[in-house]
Amino acid sequence: MARIEYVGHATVLVDLDGVRLLTDPLLRNRVAHLRRTGPVSTRAQRGIDAVLVSHAHYDHLDLPSLEKLGKKLPVVVPRGLGGLLRKRRFESILEVEVGETFSIGSLQIRAVHADHDGSRGPFGASADPVGYVISGSKSVYFAGDTDLFDGMAELGPVDVALIPIWGWGPGLGGGHLDPKGAAEAVARIKPGLAIPIHWGTYYPIHLGLMRVPGFVDVPPLEFVAATTETAPDVEVRVLQVGEGVDL
């Protein structure tokens, strides 16, 4: 069995060969000045075998969300971030760096390069960010947060690429893929299936006092158009927050 569920933002359930992995869990309806477009799926939080964290930013390494899942659950983080979890008494922590491979159940997982800032604020922990290539009966690339980088083509071939295409506001800072950049990433990696993530989940409260702002739904439309032009042989599946697809 292989199933992908887009929980929202960079949180994705990868259910593969009897192993359930959750990426960058952000499982709160309110995060600082951000509001969620819809409730968090509780279904995707059940029976998780391990968590994969890509980098230190608060919307990817969210300690309250990890605590919701339980402190006995194995958590994989970039090397240098384990101390944050030990201080909160998490019991099973694996720190990895680019190039390392490890096993969770029957799956082999490789930490790969990501081009992104890895600091947790000016006085917080810092670690080089990573993505993950998960391999079993299918192969899945989770990019975390990244910009385009040399060597991205070497990540493939993979069956599925989970590609970030935006963020949470009307604009996008450096070190992120926008829809056109994400389409170029897909062209380099050449997955069988591309699923856009990191969009459509959170927005600043002051921009949506009456309703969810319109910019939330635009990135996947632009991504599909750009990918059709840049990588026409790759299938694209847009999942709304909470939706899943069987592979």
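Analyst: Two strands count as paired if DSSP finds at least two bridges between them. Keep that in mind, and remember that this is a predicted model.

User: OK, what makes E14 and E16 a pair?

Analyst: Strand E14 (residues 193-197) and E16 share two bridges, in the parallel sense. The cut-off is at least two bridges, so they count as paired. For one of the bridges, look at Ala194: its partner in E16 is Val236.

User: What packs on the sheet there, touching E14?

Analyst: That's helix H3 (residues 179-189), which also touches E12 and strand E13 (160-164). The direction of H3 makes about 155 degrees with that of E13.

User: And in what order do the strands of the open sheet run?

Analyst: There are seven, in the order E9-E10-E11-E12-E13-E14-E16, with mixed pairing.

User: Why do E9 and E16 stand at the edges?

Analyst: Strand E9 (101-104) and strand E16 (235-236) each have a single partner strand, so one side of each has no neighbour in the sheet.

User: Why is Ser139 called buried?

Analyst: Its relative accessibility is 13%. Buried means under 20%, so Ser139 qualifies. Ser139 is in strand E12 (residues 139-142), and leaving out residues up to four places away in sequence, it touches Ile134, Pro157, Val158, Asp159 and Val160.

User: What makes strand E1 mostly covered?

Analyst: Six of the seven residues of E1 (residues 2-8) are buried. In the hairpin of E1 and E2, with two residues between the strands, His9 takes a positive phi near 55 degrees.

User: How do you know that the length of helix H4 agrees with what its 13 residues should span?

Analyst: At 1.5 Å a residue, H4 (residues 218-230) should span 18 Å, and its end C-alpha atoms are 18 Å apart, so the two agree.

User: What makes the buried residues of H4 line one face?

Analyst: The buried ones are Pro219, Pro220, Phe223, Ala226 and Thr227. Seen down the axis of H4, they fall within an arc of 130 degrees, so they line one face of the helix. What covers them includes H3, E14 and E16. On the other side, Leu221, Thr228 and Glu229 are exposed.

User: How many aromatic pairs turn up in a search of the whole structure?

Analyst: Two. Tyr6 and Trp199 make a pair with 6.2 Å between centres and 25 degrees between planes.

User: Why are Phe102 and Tyr132 called edge-to-face?

Analyst: Their planes stand at 90 degrees, with the ring centres 6.4 Å apart. Planes over 60 degrees apart count as edge-to-face, so the name follows. Phe102 is in strand E9 and Tyr132 in strand E11 (residues 130-135), so parts 30 residues apart in sequence are tied together.

User: Is Phe102 buried or exposed, and what of Tyr132?

Analyst: Buried: the relative accessible area is 9% for Phe102 and 0% for Tyr132. The cut-off is under 20%, so both names hold.

Definitions and conventions
Residues are numbered from 1 along each chain as its sequence is written. This is a predicted model: local features need pLDDT of at least 70, side-chain atom pairs count only at pLDDT 80 or more; totals for chains, interfaces and linings use all residues. Side-chain values use heavy atoms; hydrogens and water are left out. Helices (H or I, at least four residues) and strands (E, at least two) are DSSP runs, numbered from the N terminus. Buried means under 20% relative accessible area, exposed over 50%, partly exposed in between (1.4 Å probe, protein chains only). Contact means heavy atoms within 4.5 Å. Axes are lines fitted to C-alpha atoms, for helices over the stretch in contact, and angles run from 0 to 180 degrees between N-to-C directions. The expected span of a helix is 1.5 Å times one less than its number of residues. The arc is that of the directions from the helix axis to the C-beta atoms. Rings of Phe, Tyr and Trp (its six-membered ring) pair if their centres lie within 6.5 Å; planes under 30 degrees apart count as stacked, over 60 as edge-to-face and the rest as tilted.
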